[in-house]
Amino acid sequence: MIMNDLTYTIIFYLFAAITVFSAAFVVFSRNVIYSAFSLLFTFFGVAALYVFLSADFIAVTQVVVYVGGILVLLLFGVMFTKGIMNTELKSDVLHIVPGTLILAGIIGALLYTFYTTHTWMQTEKQLHGSIVERIGYETMSHYVLPFEMVSILLLAALIGAAFLARFDRLDHDNNKS
Amino acid sequence: MEHLLPIGLNHYLTISAFLLGFGLFAVMTRKNAIVILMGVELILNAANINFLAFSKYNGGMGGVMFSLFVIVIAAAEAAIALAIVINIFKIFKSVDVSSVDTMKE
């Protein structure tokens, strides 16, 4: 290992803190724009954790698809549906008590299970280094059918989205006349 | 304090549990459809962290490939969901999901 163990641990905890706290801000902030920009930090933190998990290709894909695509799409949705400086951007909250109970219950139950049951059985041959080449081999051998199917699904979904959100010519003509 | 230092599987599972909890909280308690979509993205990211963590400590490639497909599905889901949200806004003039109570115009 090139990096010092302590440095590695500190950097891991830094990115873990960024991820968890910005995710909490996404959920608990009342302003939709703040939530969207906080989601940016969550996605970057998660991408850094993917690098720690030696999935470098997935990390780059995460940055390209989530930050470059989904987040821009979400911001576009926010600004398209309301004016950006509109005070009505503050979104209401309902079912706050059962929501909080289930939030605490799920996190508590999962953490209790993780830390009290038993140690995980880990293999000797953990993934390390770059896995881009292995992803290429797997995509073109074992996973070639899911790969093609997911490409057709993505094409169909994008055509469907463009069809659903298209500019409605009929409505526009009616409004003008 | 001893078990905190070497980064192991439990650390990643803990982060993933937090993201899952926050995402579920957003889906359950918010009325704005776009914040609900953000919660769904948080849940998908939590699932991805789990896949990759188990894949690393298992030594196989199954989790890595699956997380790649999850990202593709998330992109498709976000595009379709935002198209639906924009349509809801056209009809109801708001993105408040608790006011959407009819299936016909």
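Guide: Helix 2 of chain A is built from 21 residues, and from its first C-alpha to its last it reaches 30 Å, which is close to the 30 Å expected at 1.5 Å a residue. Just after helix 2 of chain A comes Ser54(A), whose phi is positive, at about 55 degrees. Please keep in mind that this is a predicted model, so the confidence scores, to which I return at the end, belong to the picture as well.

The partner to look at beside this helix is helix 1 of chain A, residues 5–28, whose axis comes within 8 Å of the axis of helix 2 of chain A, residues 32–52, the two crossing at roughly 150 degrees. Because angles over 145 degrees count as roughly antiparallel, helix 1 of chain A and helix 2 of chain A are roughly antiparallel to each other. The crossing in which helix 1 of chain A passes helix 2 of chain A is left-handed. On the side of helix 1 of chain A, the residues that meet the other helix include Phe12(A), Phe15(A), Ile18(A) and Phe25(A), while those of helix 2 of chain A include Leu39(A), Phe41(A), Gly45(A), Val46(A) and Phe52(A). Sorted by class, this contact of helix 1 with helix 2 of chain A has 12 nonpolar and six polar residues, and no charged residues.

One pairing across the two chains joins helix 6 of chain A and helix 3 of chain B, whose axes come within 9 Å and cross at roughly 15 degrees. That angle makes helix 6 of chain A roughly parallel to helix 3 of chain B, and the crossing of these helices is left-handed. Among the residues that make the contact are Val150(A), Leu154(A) and Leu158(A) of helix 6 of chain A, and Phe69(B), Ile80(B) and Asn87(B) of helix 3 of chain B. By class, this contact of helix 6 of chain A with helix 3 of chain B has 16 nonpolar residues, two polar ones and no charged ones.

Within its own chain, helix 3 of chain B (residues 62–92) also packs with helix 2 of chain B (residues 33–58), at an angle of about 175 degrees and with the axes 9 Å apart. That makes helix 2 of chain B roughly antiparallel to helix 3 of chain B. The residues of this contact divide into 16 nonpolar, five polar and one charged.

Finally, how confident is the predictor? Chain A averages a pLDDT of 83, with 86% of the residues scoring at least 70, whereas the mean pLDDT of chain B is 86, with 93% of its residues reaching 70 or more. In chain A, confidence is lowest in helix 7, residues 169–176, at a mean of 56, and highest in helix 6, at 93. For the complex, the predictor gives an ipTM of 0.89 and a pTM of 0.87.

Definitions and conventions. Residues are numbered from 1 along each chain as its sequence is written. Chains are lettered from A and ligands numbered from 1 in the order in which they are written. This is a predicted model: local features need pLDDT of at least 70, side-chain atom pairs count only at pLDDT 80 or more; totals for chains, interfaces and linings use all residues. Axes are lines fitted to C-alpha atoms, for helices over the stretch in contact, and angles run from 0 to 180 degrees between N-to-C directions. Helices (H or I, at least four residues) and strands (E, at least two) are DSSP runs, numbered from the N terminus. Angles under 35 degrees count as roughly parallel, over 145 as roughly antiparallel, 65 to 115 as roughly perpendicular and the rest as oblique. A crossing is left-handed if the near helix is turned anticlockwise from the far one by less than a right angle, and right-handed if clockwise. Two residues are in contact if their C-beta atoms, placed from the backbone, lie within 7 Å. Ala, Val, Leu, Ile, Met, Phe, Trp, Tyr, Cys and Pro count as nonpolar, Asp, Glu, Lys and Arg as charged, and the others, Gly among them, as polar. pLDDT is the predictor's confidence in each residue, from 0 to 100. The expected span of a helix is 1.5 Å times one less than its number of residues.
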